[in-house]
Amino acid sequence: GDDGVLRRMGRQYTIEHYLERLGRIRKAVPGIALSTDVIVGFPGETEEQYQRTIDLLRQVRYDTVFAAAFSPRPGTPAQRLPDDVSPAEKRVRLNELLAVQEGIALERNTSWLGRTTEVLVDTVTRARTHAHEDGDTAEADRAAPPRPGEVNLSGRNRENRLVHLTGPAGLVGHLAQVRIAHAGPYALRGVLA
């Protein structure tokens, strides 16, 4: 989210150029799903530069963000730069960035509630058994157990959103119409339409 950090990373573009291109893409393909990779704590990254990255996340509103804290990789130009952002600060920045993106992703996924989407079913999955951090799983967050002859399945829609559903195992490898009944920050859940 900062031109100075992008230069140190060896990127050949500016934020202004990126946003201009992104605007053209969104105009040409309305509703396009976007993902990005973000590194926090790159050598020399100041708090102000990091905040510009957070601001860019809020402005662009990515569907998915793959984020990591900087760590030197052998053989890369960045290995020669001083790793001057403390591990503790990198952890704080990464956790904040992930929390911001989780809120954005939840809001974007919530817009799918009640809609029907085409899903390429690709996996038979195990039933989810863990509870949320508060120790209780809300009723809306519990997947209905599969009926006789059905299994837990997952796949992705054309926007690359992970969708969970139940149905016959024979759906794996096929397209299915799924009505979305629940949205979380990382996945959707629905029923065969």
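Contact is taken to mean heavy atoms within 4.5 Å. The structure is a predicted model, in which local features need pLDDT of at least 70 and side-chain atom pairs count only at pLDDT 80 or more, while totals for chains, interfaces and linings use all residues. Residues are numbered from 1 along each chain as its sequence is written, and side-chain values rest on heavy atoms, with hydrogens and water left out.

Helices (H or I, at least four residues) and strands (E, at least two) are DSSP runs numbered from the N terminus, and two strands pair if DSSP finds at least two bridges between them. On this basis, 5 strands form a closed barrel in the order β3-β4-β5-β7-β6, with mixed pairing. From one strand to the next the twist averages 50°, where axes are lines fitted to C-alpha atoms (for helices over the stretch in contact) and angles run from 0 to 180 degrees between N-to-C directions. V119 has N157 of β4 as its bridge partner.

S154 is also located in β4. With a relative accessibility of 6%, S154 is classed as buried; the term denotes under 20% relative accessible area, against over 50% for exposed and partly exposed in between (1.4 Å probe, protein chains only). When neighbours within four places in sequence are left aside, the contacts of S154 are L120, V121, D122, T123, T125, L162, V163 and H164.

T36 belongs to strand β1 and is likewise buried, at 16% relative accessible area. Outside the four places on either side in sequence, T36 is in contact with Y62, T64, V65 and F66. Between T36 and D63, the C-alpha to C-alpha distance is 8.7 Å, at a sequence separation of 27 residues.

Aromatic pairs were assigned to rings of Phe, Tyr and Trp (its six-membered ring) with centres within 6.5 Å; planes under 30 degrees apart count as stacked, over 60 as edge-to-face and the rest as tilted. The count is 2 aromatic pairs. The ring centres of F42 and F70 are 5.1 Å apart and the planes lie at 75°, so this pair is edge-to-face. F42 lies in the loop between β1 (35–40) and α3 (47–60), and F70 in the loop between β2 (64–69) and α4 (87–110), so that the pair links distant parts of the chain, 28 residues apart. F42 and F70 are both buried.

A charge sits over a ring if NZ of Lys or CZ of Arg is within 6 Å of the ring centre and within 35 degrees of the ring normal. R115 is placed over the face of W112, 3.8 Å from the ring centre.
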